[in-house]
Amino acid sequence: MSVKYIITEKGNPSKPAEPKKFYATAKADGEVTFRKLSKEISNISTTVSDTDVLAVLNVLVKALINHLSEGRIVRFGEFGSFQVSLSSEGAVTRKEFNASLIRNSKITFRPGTNLKEMLATLKYEKYEK
């Protein structure tokens with residue numbers, strides 16, 4: 001299998017006068033649902049049903065939400081880690097900064113060693129409509 005990509009033309013927002021260039025953009029090739037993933041995991045394991053896996057994954061999401069909302073980094077061993085990151089407006093001085101200047105938050109995922117190694121061996125295929 002390979003990761004499919006499309007070619008998109010993009011300009012440099014900080015240099016609008018420069019000519020646009022063409023770049024690769026990953027093109028999703030389907031999706032895997034929580035239920036399908038739980039069935040796949042249960043097929044690999046002979047001791048756990050897909051219902052059990054689904055129940056554990058649902059509780060895992062709740063625990064992840066709880067810890068991230070408390071500002072913790074959640075490490076999933078070799079899978080990777082999750083952390084909340086922020087962006088904000090700037091203040092002239094440290095004393096003038098307050099939480100109302102925070103504009104956005106998102107969850108950052110940092111892949112573990114196995115996922116990073118997978119990225120190094122990817123094959124690519126141009127997506128044709």
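Some ground rules. The model is predicted, so local features need pLDDT of at least 70, side-chain atom pairs count only at pLDDT 80 or more, and totals for chains, interfaces and linings use all residues. Residues are numbered from 1 along each chain as its sequence is written, and side-chain values use heavy atoms, with hydrogens and water left out.

Start with the overall picture. The protein has three helices and six strands, where helices (H or I, at least four residues) and strands (E, at least two) are DSSP runs numbered from the N terminus. In sequence order the pattern is β-β-α-α-β-β-β-α-β.

The radius of gyration is 21 Å, while a compact globule of 129 residues would be near 14 Å. That figure is taken over C-alpha atoms, and the globule rule is 2.2 Å times the number of residues to the power 0.38. Along the principal axes, the C-alpha atoms fill a box of roughly 60 × 45 × 25 Å. Of the 129 residues, 11% count as buried. Buried here means under 20% relative accessible area, exposed means over 50%, and partly exposed is in between, with a 1.4 Å probe and protein chains only. Among contacts with a separation of 6 or more, 33% are between residues 24 or more positions apart; contact means heavy atoms within 4.5 Å.

Now helix H2. H2 covers residues 50–69, which is 20 residues, and reaches 28 Å from its first C-alpha to its last, close to the expected 28 Å. The expected span is 1.5 Å times one less than the number of residues. Which residues of H2 are buried? They are Val 53, Leu 54, Leu 57, Leu 64 and Leu 68. These cover an arc of only 100° around the axis, which puts them on the same side of H2. The arc is that of the directions from the helix axis to the C-beta atoms. As background, an α-helix has 3.6 residues a turn, so residues three or four places apart point the same way.

On the other side of H2, the exposed residues are Thr 51, Val 56, Val 59, Lys 62 and Ser 69. What do the buried residues of H2 pack against? Their partners are helix H1 (34–44) and the strands E3 (74–75), E4 (80–88) and E5 (102–111). After H2 comes Gly 71, with a positive phi near 85°.

Ser 38 sits in helix H1 and is buried, at 1% relative accessibility. Apart from neighbours within four places in sequence, Ser 38 is in contact with Asp 50, Val 53, Leu 54 and Leu 57.

Next, the aromatics. There are five aromatic pairs in the structure. Rings of Phe, Tyr and Trp (its six-membered ring) pair if their centres lie within 6.5 Å; planes under 30 degrees apart are stacked, over 60 edge-to-face, and the rest tilted. Phe 76 and Phe 82 are edge-to-face, 5.4 Å centre to centre with 70° between the planes. Phe 82 is buried at 16%, whereas Phe 76 is partly exposed at 24%.

Phe 79 and Phe 109 form a tilted pair, with centres 5.2 Å apart and planes at 45°. This pair links distant parts of the chain, since Phe 79 is in the loop between E3 and E4 and Phe 109 is in strand E5, 30 residues apart. Phe 79 is partly exposed at 41%, and Phe 109 is partly exposed at 32%. Phe 76, Phe 79, Phe 82 and Phe 109 form one aromatic cluster.

Ser 81 belongs with this group. Ser 81 lies in strand E4 and is buried at 6% relative accessibility. Not counting residues up to four places away, Ser 81 touches Ile 73, Val 74, Arg 75, Thr 108, Phe 109 and Arg 110.

Lys 27 lies over the face of Tyr 127, 5.1 Å from the ring centre. The cut-off is NZ of Lys or CZ of Arg within 6 Å of the ring centre and within 35 degrees of the ring normal.

Lys 20 is in the loop between strand E1 (3–10) and strand E2 (21–27), and is exposed at 53%. The C-alpha atoms of Lys 20 and Lys 10 are 5.3 Å apart, with the two residues ten apart in sequence.

Lys 129 is in the segment after strand E6 (124–126) and is exposed at 94%. Its C-alpha is 9.8 Å from that of Ile 6, 123 residues away along the chain.
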